[in-house]
Each structure stands twice: as C-alpha cells, then as structure tokens.
Amino acid sequence: MSLDDQKRLVRNHVDLTWNRGRMALAEQMHSKDFLYKSSFVGHPLNSTAFLALVAQIRTAMPDLEVVIEECIAEDDKVVTWSTLIGTIQSPALGYPPSDKILSISAMAFWTLTPAGHIREICTMFDMESFRSQLGLNTRTYAEKALP
C-alpha cells in the first residue's frame, strides 16, 4: 500500500465508524488481532468491543462529527489529529447530558498490516478540556503527576 492509500484507509475508517455508524463495513477493515487502546477507556478493546464503544458514544451523541485535522503516514504507521464535535444528549460512559456543543481534540496512532488492514489504534483524548467544557472538576497535569 502506498502512503496515500494508508491515509485514505484511515480516513475511510473514521468516516464509517464515528461519522456514519457503518460498523459492519468498518469491521472488515480490521485485522484478526485488532486492538484499540485509548486514554478514554483504560484497557485494550478487540474489534467487537471497539465497535460497541463507538456505537454507544454515537447513541449518546447523535450529532457527533469527527474532523481529521492532520493525517501523516510513514512505514506501517498513520497518525491523525482529530476534533470530535457534538453534544451529549443522553448519559454515556459516566458523563452527563449537556446542551453545550463540545469540541474534543484527539491524537491517534494507527498500525496497519502489510495486507492493508488496521491492526491497532492507540488514541489519546484531551479529557481535561472535555471535562472543563462540561463544567466538571479538572486538575492540571502537574497536580496529577506530583504526589
């Protein structure tokens, strides 16, 4: 796969899952040993669990849109910087509904197989900004890192 093909695959996966909810099509893009790791979840998820998580978030945030701001590829890796935009209309993953339009920044590192399947996605969300937008308590990085 060319680097442009790899970026196209990742962009298509984001569109199918987060933006359109076409989980069966997205699942075909996963390798048999697919793993999703995230600062949001705290433990690795297989393909089925990842797609269930996306479906749960899409249900709570039906107006969710994920915009890929940057997409860079090298070797078997693709890196994306994305912005998730939407409102939480029903409780999800311990967060309350809100009428505020939220904007959440995320960085993801994607590992692809030689056959062009997605083997791993490792995502880091800016959870402190997310919590702040919801009016929830936040702590600076220094407060969290220092005893």
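**Exercise 1. Locate Asp75 and state whether this residue is buried or exposed.**

Solution. Asp75 belongs to the loop between strand 2 (65-74) and strand 3; helices (H or I, at least four residues) and strands (E, at least two) are DSSP runs, numbered from the N terminus. The model is predicted, local features need pLDDT of at least 70, side-chain atom pairs count only at pLDDT 80 or more, and totals for chains, interfaces and linings use all residues. Residues are numbered from 1 along each chain as its sequence is written, and side-chain values use heavy atoms, with hydrogens and water left out. The next step is the accessible area: buried means under 20% relative accessible area, exposed over 50%, and partly exposed in between (1.4 Å probe, protein chains only). Asp75 has a relative accessible area of 59% and is therefore exposed. As to the backbone, Asp75 is not a glycine, although its phi is positive, at about 55 degrees.

**Exercise 2. Determine how helix 1 and helix 3 pack, and which residues meet.**

Solution. Begin with the geometry: helix 1 (residues 3-19) and helix 3 (residues 47-60) pack at an angle of about 55 degrees, and their axes are 9 Å apart. Axes are lines fitted to C-alpha atoms, for helices over the stretch in contact, and angles run from 0 to 180 degrees between N-to-C directions. Helix 1 is therefore oblique to helix 3, given that angles under 35 degrees count as roughly parallel, over 145 as roughly antiparallel, 65 to 115 as roughly perpendicular and the rest as oblique.

Next, list the partners. From helix 1, His13, Thr17, Trp18 and Asn19 meet Phe50, Leu51, Val54, Ile57 and Arg58 of helix 3, where contact means heavy atoms within 4.5 Å.

**Exercise 3. Describe the burial and surroundings of His13.**

Solution. His13 is placed in helix 1. With a relative accessible area of 1%, His13 is buried. Other buried residues of helix 1 include Gln6, Leu9, Val10 and Trp18. Not counting residues up to four places away in sequence, His13 touches Ala26, Met29, His30, Phe50, Trp110, Ile118 and Ile121.

**Exercise 4. Identify the buried residues of helix 3 and the elements against which they pack.**

Solution. Ser47, Phe50, Leu51, Leu53, Val54, Ile57 and Ala60 are the buried residues of helix 3. These residues pack against helix 1, helix 2 (23-27), strand 1 (30-38) and strand 5 (118-125). At the N-terminal end, Asn46 caps helix 3, with a side-chain oxygen 3.2 Å from the backbone nitrogen of Thr48.

**Exercise 5. Characterise the setting of Ser98.**

Solution. The loop between strand 3 (77-86) and strand 4 (102-112) holds Ser98. Ser98 is buried, at a relative accessible area of 16%. A polar atom of the Ser98 side chain lies 3.1 Å from the backbone nitrogen of Lys100. Leaving aside neighbours within four places in sequence, Ser98 is in contact with Thr87, Ile88 and Leu134.

Methods
A polar contact is a pair of N or O atoms within 3.5 Å; within protein, one must be able to donate a hydrogen and the other to accept it, and residues adjacent in sequence count only if both atoms are side-chain atoms.
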